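Subject: Structure handover and notes

Hello,

I am handing over the structure that we talked about, and my notes on it follow below. Please keep it open while you read, so that you can find each residue as it comes up.

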Amino acid sequence: MAGKGVFEEIIDGDVYKYYTDGEWRKSPSGKSVSVINPTTRKPQYKVQACTQEEVNKVMESAKAAQKSWARTPLWKRAELLHKAAAILKEHKAPIAECLVKEIAKPAKDAVTEVVRSGDLVSYTAEEGVRILGEGKFLLSDSFPGNNRSKYCLSSKIPLGVVLAIPPFNYPINLAVSKIAPALISGNSLVLKPPTQGAVSALHMVHCFHLAGFPKGLISCVTGKGSEIGDFLTMHPGVNCISFTGGDTGIAISKKSGMIPLQMELGGKDACIVLEDADLDLAAANIVKGGFSYSGQRCTAVKVVLVMESVADALVEKVKAKVARLTVGPPEEDCDITPVVSESSANFIEGLVMDAKEKRATFCQEFQREGNLIWPLLLDHVRPDMRIAWEEPFGPVLPVIRINSVEEGIHHCNASNFGLQGCVFTRDINKAIMISDAMETGTVQINSAPARGPDHFPFQGLKDSGIGSQGITNSINMMTKIKSVVINLPSPSYTMG
C-alpha cells in the first residue's frame, strides 16, 4: 500500500521525499510540511519543505534533460508514456488510498481517478504521435508577387520546461493532464503538487520513474507556497505554466511575463431549467453535478436558475434525491465526505449564514461536524446573497427562480466566472440559442457540467481561465511552430 513495496524508496522514516534527477531525495532544509487528513483533522503524512536553492537545481536539471529528450524519437516518447500508464493503473490501490486520506475522496471515486489518469496518459501518447508526426509544406508562389522559389517546412517543437501546478481535488488526473502532453511534446516537466494531494502525486510520479524516463526530465518539488510558490512561477527557467486552481492563478498571470499560460481558475456554473424540461432528468443531473465529491469540483453545478412555473416541482424532486445522499467518511464510499480543510468549511458556513440572514429558504437543516457539511439546498435565493455569486466549493446549492430565459442568461453572464453552464429543455432551438448567449467556455445541453471526456476541449472565459485544455489542445499549447525555409535560385530561364 502507500509507501510500501515498490514505493518504499519514496519515503524516509515518516517523511516523503521529493523527486529530482531521477532520484528520491531529502531536503537539506531539514523541514517538512504536514498533510492534514480532512476526516480526522490530524496530520496524516509529511512531505519535504524544499528550498529555493533546490528549485534552482531542479530547473538546471530540467533544462539539461529537455535538450536530449527533444531529440528522442517520438515513438520512444510514446512507448515510455504507455509504460507509465500501465504502471499507474497497476498500482491504483495505494494511490487511491492516499487520495482517500489526503483529500477525503470517496474510495471508489479515488480508484476511478487513477484508472482514468492512466487512460489519459495512453491516449495522449497516441494523439501526440498523430499530431507531432505531421508537418506542413508551403510554397511561396501562392502569395501574390512571388514565384516558386521558396519552400517552407514547418513542424511543432517543444517549449522547454513546463511547470505544472494541479489542484487538491484531482491531484492525479489534473497532474497527468499536464504531464503527459508536456512529455510527448518533448518538454521536461516540473510538478508542484498541492499540499493536500502531495503524497498521491509523489506516488504517481514514482510510476513515471519506474517506467524509465531519463534523469532530470521529470521533477516533483513539495513545500510551502509562501516559500517556493512565487519563486517557481517567476523562475527564468520556466517556459510554460499549466495551472489549475483559484485566485492564485490570476496573480500568477500578472507576474509570469511572456510565457504561454494554460489556466483553469474555477467557476460558478449555472444550470438553466426551462418550462419544457424533463424535470426528472434535470433533478438527477443537478444532484450529481452539484453534490458529487461534496461539490468540490470546478465544474460542479453552483447555481440553479429555474423558471418559476416549474420551480416548486423541480425543488421537490431535487430535495427527494438529496435526502438519499449518504454522509460520512470517504472510506465508506459516502456521497458526501468532509471538505478539504477547516478554512474551506468555515467559508462555506459563512455563505450559508449570509443566506440565512437574508431569508433564503432552507430545504434541509444546516448541519456541520468538523469539516463534514451535510448537503444543503437553498431555495428562493436572491442576487443580493453571496451564495448567488461566490463559489462555495462545497455541498451547498442555491436555487434562483426566474421569470424569463433572458433573466437566467443575464445572471449567468453577470458572473465574473465563465467556465461551464448547462441548460435543460426539450426544444433544441432554444437550447442552441441559450448556449450561444451564455458566456462560458462550454455549455452542456440536458446534462450536468463536466470536464471529460479528457480529449474534449476544456476552457473558461473571464476569470475562469486562459487558454484551452483537453489532450489535443494541451499538446498544441505546449509546442510552438518552427519553420525551415529553403531558398531556391531564381529561375533565369524557362524549363521545358
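The side chain of Glu391 is in polar contact with the side chain of Lys302, at 3.0 Å, where a polar contact is a pair of N or O atoms within 3.5 Å, of which, within protein, one must be able to donate a hydrogen and the other to accept it, and residues adjacent in sequence count only if both atoms are side-chain atoms. A polar atom of the Glu391 side chain also lies 3.3 Å from the backbone nitrogen of Gly267. Glu391 itself sits in the loop between β19 (376-379) and β20 (396-402); helices (H or I, at least four residues) and strands (E, at least two) are DSSP runs, numbered from the N terminus. Glu391 counts as buried because its relative accessible area is 18%, and the terms are set so that buried means under 20% relative accessible area, exposed over 50%, and partly exposed in between (1.4 Å probe, protein chains only).

Before going further, please note that this is a predicted model, in which local features need pLDDT of at least 70 and side-chain atom pairs count only at pLDDT 80 or more, while totals for chains, interfaces and linings use all residues. Residues are numbered from 1 along each chain as its sequence is written, and side-chain values use heavy atoms, with hydrogens and water left out.

The loop between β19 and β20 also holds Phe393, whose phi is near 50°, a positive value in a residue other than glycine. Tyr293 likewise has a positive phi, near 45°, without being glycine, and Tyr293 is found in the loop between α9 and β15 (303-307). Is Tyr293 buried or exposed? Tyr293 is buried, because its relative accessible area is 4%.

Next come the salt bridges. Side chains of opposite charge can pair when their charged atoms come close. A salt bridge here is a side-chain nitrogen of Lys or Arg within 4 Å of a carboxyl oxygen of Asp or Glu, and a search of the whole structure finds 24 of them. One of them joins Glu79 and Lys76, at 3.2 Å from N to O, and both residues lie in helix α2 (residues 74-90), three residues apart, which is about one turn of the helix. Glu79 is partly exposed because its relative accessibility is 39%, and Lys76 is partly exposed because its value is 30%.

Another salt bridge pairs Asp280 with Lys317, with the closest N and O atoms 2.8 Å apart. This pair links distant parts of the chain, since Asp280 is in helix α9 (residues 279-291) and Lys317 in helix α10 (residues 308-322), 37 residues apart. Both count as partly exposed, Asp280 because of its 47% relative accessibility and Lys317 because of its 30%.

Patches are made of residues with over 30% relative accessible area and no salt bridge, with like charges joined within 9 Å and nonpolar side chains (Val, Leu, Ile, Met, Phe, Trp, Tyr) within 5 Å. Which residues gather in a patch of positive charge? They are Lys67, Arg71, Lys480 and Lys482, with Lys and Arg counted as positive, Asp and Glu as negative, and His and the chain ends not counted; the place of a charge is taken as NZ of Lys, CZ of Arg, CG of Asp or CD of Glu. Lys482 belongs to strand β28 (residues 479-487) and is partly exposed because its relative accessible area is 44%.

The nonpolar patch is formed by Phe137, Leu153, Val484, Ile486 and Leu488, which together have about 410 Å² of accessible area, an area that comes from the Shrake-Rupley method with a 1.4 Å probe, where for residues only the protein chains shown count as cover. Ile486 is also in strand β28, and Ile486 is partly exposed because its relative accessible area is 36%.

Finally, the peptide bond from Gly452 to Pro453 is cis, with omega near -5°, and Pro453 lies in the loop between β23 (442-445) and β24 (458-459).

Best wishes
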